Amino acid sequence: MTRLRHEGDTASLTRLVKAGDARAVSRLITMLENREPEGLAVLQRLESPTTRATVIGMTGYPGAGKSTLIDHLATVYRQQGKKVGIIAVDPSSPNTGGAILGDRIRMQDHSCDTGVFIRSMATRGQHGGLASATRDAVRVLEAAGYDVILAETVGVGQDEVDVAAVAQTVVAVVAPGLGDEVQAMKAGLLEVAHIVVVNKGDREGADSTVRDLKEWIPTVIRTVAVKGDGIPELVEAIAAHQRNL
Ligand SMILES: Nc1nc2c(ncn2[C@@H]2O[C@H](COP(=O)(O)OP(=O)(O)O)[C@@H](O)[C@H]2O)c(=O)[nH]1
Ligand SMILES: [Mg+2]
């Protein structure tokens with residue numbers, strides 16, 4: 001009996017996720033974060049969708065402006081009629097971390113839009129659990145019919161979550177005036193980023209940061225995320241990279 005009931009639960013959760021039910025999507029992602037066997041069973045039942053989602057990784061130091069940029073990108077993709085999934089991965093934040101709450105508040109313009117799904121993922125004291133939970137979350141969102149998935153992660157390259165493993169297009173976000181930090185990031189940037197964004201283009205030192213990075217990386221975009229400057233250029237650079245995949 002118990003087994004039958006479980007089978008029924010698995011089937012109905014699978015059906016709801018495939019139908020794009022946001023609550024079911026959220027529930028399944030939580031189950032996968034906790035490595036619950038039933039969640040894994042549902043994941044197995046979600047066969048590959050016929051069209052693959054565009055998965056964009058946004059990576060960079062805290063405060064560089066990733067969430068603000070994602071907010072704008074989500075608006076643009078919604079205007080294009082696409083369903084947008086956002087996963088904010090923060091390995092350092094505890095479950096109740098302020099950063100995660102901050103991201104939620106910043107993205108609240110989209111909170112009433114059923115075409116946008118926002119999910120924060122944090123470590124739950126499980127080693128290596130976050131990377132696979134993130135990959136699983138991308139698979140779930142894809143199966144639920146999200147067309148564009150934006151994954152925000154901290155750090156570049158040697159991060160706990162290897163953003164390059166889940167995203168087709170990796171955007172590294174830097175802020176000017178980091179000096180040594182940008183120097184130290186260059187090798188890592190070259191390895192993982194397809195596009196580098198110099199955000200906070202309104203700050204002193206933006207010119208020289210852009211000039212410097214252009215010697216290393218072909219696609220460098222300058223943005224002022226708080227004003228929306230440079231967003232069309234970033235959208236086009238992402239589209240260009242996707243066309244060449
Ligand atoms: N001056 C300036 N501030 C910005 C810009 N973009 C973002 N910020 C601010 O920088 C802070 C961190 O931005 P956030 O998007 O949370 O960065 P994240 O940690 O990389 O996600 C926030 O207070 C933003 O309002 C920008 O282009 N110029
Ligand atoms: Mg953020």
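Me: Leaving aside neighbours within four places in sequence, which residues is Arg119 in contact with?
Reply: Arg119 is in contact with Ser26, Ile29, Thr30, Glu33, Ile86, Ile87 and Ala88, once neighbours within four places in sequence are set aside. Keep in mind that this is a predicted model.

Me: Where is the place of Arg119?
Reply: Arg119 sits in strand β3, which covers residues 116-122.

Me: Is Arg119 buried or exposed?
Reply: Arg119 has a relative accessible area of 8%. The cut-off for buried is under 20%, so Arg119 counts as buried.

Me: And what does its side chain do? Which side chain does Arg119 join in a polar contact?
Reply: The side chains of Arg119 and Thr30 are joined by a polar contact of 3.0 Å. The side chain of Arg119 also reaches the backbone oxygen of Ser26, at 3.2 Å.

Me: Step back a bit. How many helices and strands does the chain have?
Reply: There are ten helices and seven strands in the chain. The chain has 245 residues, and 49% of them count as buried.

Me: Of the contacts between residues at least 6 apart in sequence, what share joins residues at least 24 apart?
Reply: That share is 76%.

Me: Now rings. How many aromatic pairs does the structure hold?
Reply: The structure holds one aromatic pair. Phe117 and Tyr146 form this pair, with 6.0 Å from centre to centre and 55° between the planes, and it is classed as tilted.

Me: Which parts does the pair tie together?
Reply: Phe117 lies in strand β3, while Tyr146 lies in the loop between α6 (129-143) and β4 (148-154), so the pair ties together parts that are 29 residues apart in sequence.

Me: What lies over the face of Tyr146?
Reply: Lys83 does, at 4.4 Å from the ring centre.

Me: You mentioned α6. Where is Glu142 found?
Reply: Glu142 is found in helix α6. With a relative accessible area of 8%, Glu142 is buried.

Me: Another helix, then. Which residues of helix α9 are buried?
Reply: In helix α9 (residues 206-214), the buried residues are Ala206, Thr209, Val210 and Leu213. Seen down the axis of α9, these buried residues fall within an arc of 100°, so they line one face of the helix.

Me: What is the phi of Lys200?
Reply: Phi of Lys200 is near 60°, a positive value in a residue other than glycine. Lys200 is in the loop between β6 (195-198) and α9, and it counts as partly exposed at 23% relative accessibility.

Me: And phi of Arg35?
Reply: Phi of Arg35 is near 50°, again a positive value in a residue other than glycine. Arg35 is found in the loop between α2 (22-33) and α3 (37-45). Its relative accessibility is 36%, so Arg35 counts as partly exposed.

Me: Last one. Where is the place of Asp229?
Reply: Asp229 is in the loop between β7 (220-222) and α10 (231-243). It counts as partly exposed, at 37% relative accessibility.

Me: What does Asp229 touch, not counting residues up to four places away in sequence?
Reply: Asp229 touches Arg222, Thr223 and Val224. Asp229 and Asn199 are 9.4 Å apart in space, C-alpha to C-alpha, and 30 residues apart in sequence.

Conventions
Residues are numbered from 1 along each chain as its sequence is written. Chains are lettered from A and ligands numbered from 1 in the order in which they are written. This is a predicted model: local features need pLDDT of at least 70, side-chain atom pairs count only at pLDDT 80 or more; totals for chains, interfaces and linings use all residues. Side-chain values use heavy atoms; hydrogens and water are left out. Helices (H or I, at least four residues) and strands (E, at least two) are DSSP runs, numbered from the N terminus. Buried means under 20% relative accessible area, exposed over 50%, partly exposed in between (1.4 Å probe, protein chains only). Contact means heavy atoms within 4.5 Å. A polar contact is a pair of N or O atoms within 3.5 Å; within protein, one must be able to donate a hydrogen and the other to accept it, and residues adjacent in sequence count only if both atoms are side-chain atoms. The arc is that of the directions from the helix axis to the C-beta atoms. Rings of Phe, Tyr and Trp (its six-membered ring) pair if their centres lie within 6.5 Å; planes under 30 degrees apart count as stacked, over 60 as edge-to-face and the rest as tilted. A charge sits over a ring if NZ of Lys or CZ of Arg is within 6 Å of the ring centre and within 35 degrees of the ring normal.
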